[in-house]
Amino acid sequence: MSEQSPEKKRKFLPIVIVGIILAALCGISLYLRLALPYDQVFVNNASVWFRETDAYYYIRHIETIVHNFPHFNTFDPYQFYPGGAPGLLRPFFAWLVAGIILLVKGGASTLHAMEAVAAYVPPILGTLTLIPVYFIGKELFNRWVGVISAALVIIIPSEFLHRSLLGFTDHHVAEVLFSTVCMLFLIMAIRRAREREISFAHILNRDWSAARKPLVYTLLAGIFLGIYLLAWTGALLFVFIIFAYLVIQFVVDHVRHKSTDYLCIIGTPLFLIGYLMLLPILGVGSLDIYHAAMLIAIVIPIALAIVSRLMARKALKPVYYPLTLLGVGVIGLVALRAINPSLFNGMFSLFSIFAPRGAMLTVMEVSPLLFPQGQFSFQMAWGNFNTSFFISVVAMGMLIYGAIKGKGAYRILFLVWSIIMLLAVLGQRRFGYYYTVSAALLTGYFSWKMLDVAGLSKLLVKSKEAVKAVKKFKKKEKKSREQAKAGGFMQPRGAWVMVIVVGIVLFAIVFLPSISPAKALGGSPNMIMDEGWYNSLVWLRDNSPEPFDDPDFYYELYPPQNEFEYPATAYGVMSWWDYGHFIMQIAHRIPNANPGQAGAVQAGHFFTAQNETAANEVADKEGTKYVVIDYMMATSKFYAMAEWAGKSVDEFEQRYYAPAYSDALQYLPLFYTAYYNSTVARLYNFDGEAAVPSANSTAAISWQWMTGTELLNYGYKWIIYSQYQVVPIKAAARYNVIVGSQFFSSSEEAETYVSAQPSGNYDIGGVNPFATIVPLEALSSYERVYPAGANVTINTTTVKIFEYLGSDES
């Protein structure tokens, strides 16, 4: 066997090193995503408690697919009552999980086996994502940027890590994996096409030697774009990103007198493949926007290429090209709005992700990254990305500068992708799971540039002459040392010292801040499911009547919505929309509101209703038979109910801050009469029974506005909202701080006290949501059926179920 030459060994060695590093990174990723959260998901070896509400939606549909593979429900009567709701609009993720279940466990899988397999999918997909991230870094820059980026993408404590943890069985991690792979192959196709300068002539002349690789990569990019489109209803986001890039690149190339043929050769087939893969299920629901958007994306590259060729042939000034595109684009949009306003508005609804408004801001994942709770702060950005957020913005600026100078033009796609995802995450923190990939690559690029400045590139360069110099060194040490130094092949020891110092600094800045938060996130408590919810819904499943008589109806395939009729035995379960999928999947009952916000307005009206008659009107209209309430609905989530009902939370409670520790204020809501009169408080806090104010239940507080600067000067640094949420005081903010309080047995006594005060800011209310400040009558239409017993001790995991007995009018 012939021995490998030093040259081949030298080329092979980095590949081996990279392979070992990537394997180690996979192990670290699985430790964070699988090992740390294991006990929070697999409880008592009998139950699987998923870490996300939508996971229960997917498990419900995965169960159906396993029983009816590969068929799935496009309408689901269990998802919302009355009327039902669309089922799976994009089935690929559920198909993937169901296929793995059937492969691993077979068709006779138990529910526990299905749930167990489904729980493992997110950490595996999240770990696999580091592979395309590595290759994108390698393709755009070099393999070491790829390695750094792959390491970062698995430890940045962002939404991506959160959504790829064990038990977070939702399509988000699949979105990231498939979109990243799509971008990898598209970058490769664009780069190869530019290098080979492929044109329509290559295609017409069947010159496959030049066009083969770009076309193969385009095919692969199109396939993964199609998979991505089949995984998420909002996948037009990436269609928009690629489309925006193509328009920009068409303009850049035309202005620089370069052929634009390759953009059409890649762009049109890419979108066509994705569209053809999506086409079989586009008949589901009202999805005309998808047909229009995909057809536009397919046709526009052809039109742009034709216009570019015609203008180049007539030797028109290049500046006319973007002006022509702008004019035609404006005319086209005006025409579309005139012809089909609903389609026009639907297409532009995509941009709402950059600036959500109204009641949607009560959804935690929708809050703007830099404006949590409506105030500017870097806290959420730091908590999600640490230094990578700021470094990525700097690196983005560096790449934009390089692109303007004409260096690395093939990186424009990456830049457009990163900029749009940055805007998306600034609009909604949830899109941090997308921006993590861009942040990792940008931070990896910045880190490499710093190492490059320190001299690492030169130290890694070993030419053939350097190898010869090393051989001579063994024979004539002194002479070869001088030759190597003269030829630049042996770097001074100081260069390595500089590189090591810079490497240590980069590790401290780039990696170290993420390690502890990543471990904390991986091992964090399961904030979605707990014993109270799980046991209460199991009780509801076993002790309430079947809405469709036959329990196996839950696993069947259903006719379209316009052909489905509910039987007289069907009914709804009223709870807040957060818990709709729990009710559907665990209890096999039909919620009156679900996480798609269907029924959220009606639920808001029910739970904030000020009298029994108003609550009963909603319950009768919605076909409610049971009401399920947890601790947070009566406390921390109450404001969201008021918002969705179109009411001001100020009618029910006011936010104050009271000194709690020498360096911290405690968030303290003061509850008004309207809060105690609300249905949710009367049911959960008082079991629907009559209640009267107790001694010292009514507080009269004095308060004053204080700026954050004043509080900081007094030594206060923190605001405590809960044991899981402690935020720093903002110097520029204002806080209404409680400076005194008196307690009374009734609101009348408190009002008498306040009226006697000479001046100041005063307010009256209750500080304990479970001690009313106003007499309450019993609710005769509701009966607590779970938990059993006269006196129930309430804690943060207590869930109560009430049966609605019907109003006198019903």
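The dialogue below goes through a predicted model of one protein chain.

Student: How many helices and strands does the protein chain have, and how much of the chain counts as buried?
Tutor: The chain has 34 helices and 15 strands. Of its 810 residues, 52% count as buried. As for contacts with a separation of 6 or more, 75% come from residues 24 or more positions apart.

Student: Why is Asp 39 called exposed?
Tutor: Exposed means over 50% relative accessible area. Asp 39 has 63%, so Asp 39 is exposed. Asp 39 lies in helix 2, residues 38–41. The C-alpha atoms of Asp 39 and Phe 378 are separated by 32 Å, and the two are 339 residues apart along the chain.

Student: What makes strand 15 mostly covered?
Tutor: Count its buried residues. Five of the six residues of strand 15 are buried. The cut-off for buried is under 20% relative accessible area.

Student: How do you know that strand 15 pairs with strand 14 and with strand 6?
Tutor: Two strands pair if there are at least two bridges between them. Strand 14 and strand 15 (residues 799–804) have four bridges, in the antiparallel sense. Strand 6 and strand 15 have five, also antiparallel. Both pairs therefore pass the cut-off of at least two bridges. Tyr 782 stands opposite Tyr 804 in strand 15. Val 628 stands opposite Ile 801 in strand 15.

Student: Which strands are the edge strands of that sheet, and what makes them edges?
Tutor: The sheet is open and has four strands in the order 5-6-15-14, with mixed pairing. Strand 5 (572–574) and strand 14 (782–786) are the edges: each pairs on one side only. Neighbouring strands are turned by 30° against each other on average, direction ignored.

Student: Which helix lies across these strands?
Tutor: Helix 28, residues 612–622. Helix 28 lies across strand 5, strand 6 (624–630), strand 14 and strand 15, and runs at about 65° to strand 14.

Student: What makes a set of residues a nonpolar core, and how many residues has the largest?
Tutor: The residues must be buried, of nonpolar type in the list used here, and joined through side-chain atoms within 4.5 Å. The largest such core has 226 residues. Those with the most contacts inside it are Leu 237, Tyr 434, Tyr 435 and Phe 607. Helix 9 (residues 172–196) gives the most to this core, with 16 residues. Leu 237 touches, among others, Trp 232, Leu 350, Ile 353 and Tyr 434.

Key:
Residues are numbered from 1 along each chain as its sequence is written. This is a predicted model: local features need pLDDT of at least 70, side-chain atom pairs count only at pLDDT 80 or more; totals for chains, interfaces and linings use all residues. Side-chain values use heavy atoms; hydrogens and water are left out. Axes are lines fitted to C-alpha atoms, for helices over the stretch in contact, and angles run from 0 to 180 degrees between N-to-C directions. Contact means heavy atoms within 4.5 Å. Buried means under 20% relative accessible area, exposed over 50%, partly exposed in between (1.4 Å probe, protein chains only). Lists of a residue's contacts leave out its neighbours within four places in sequence.
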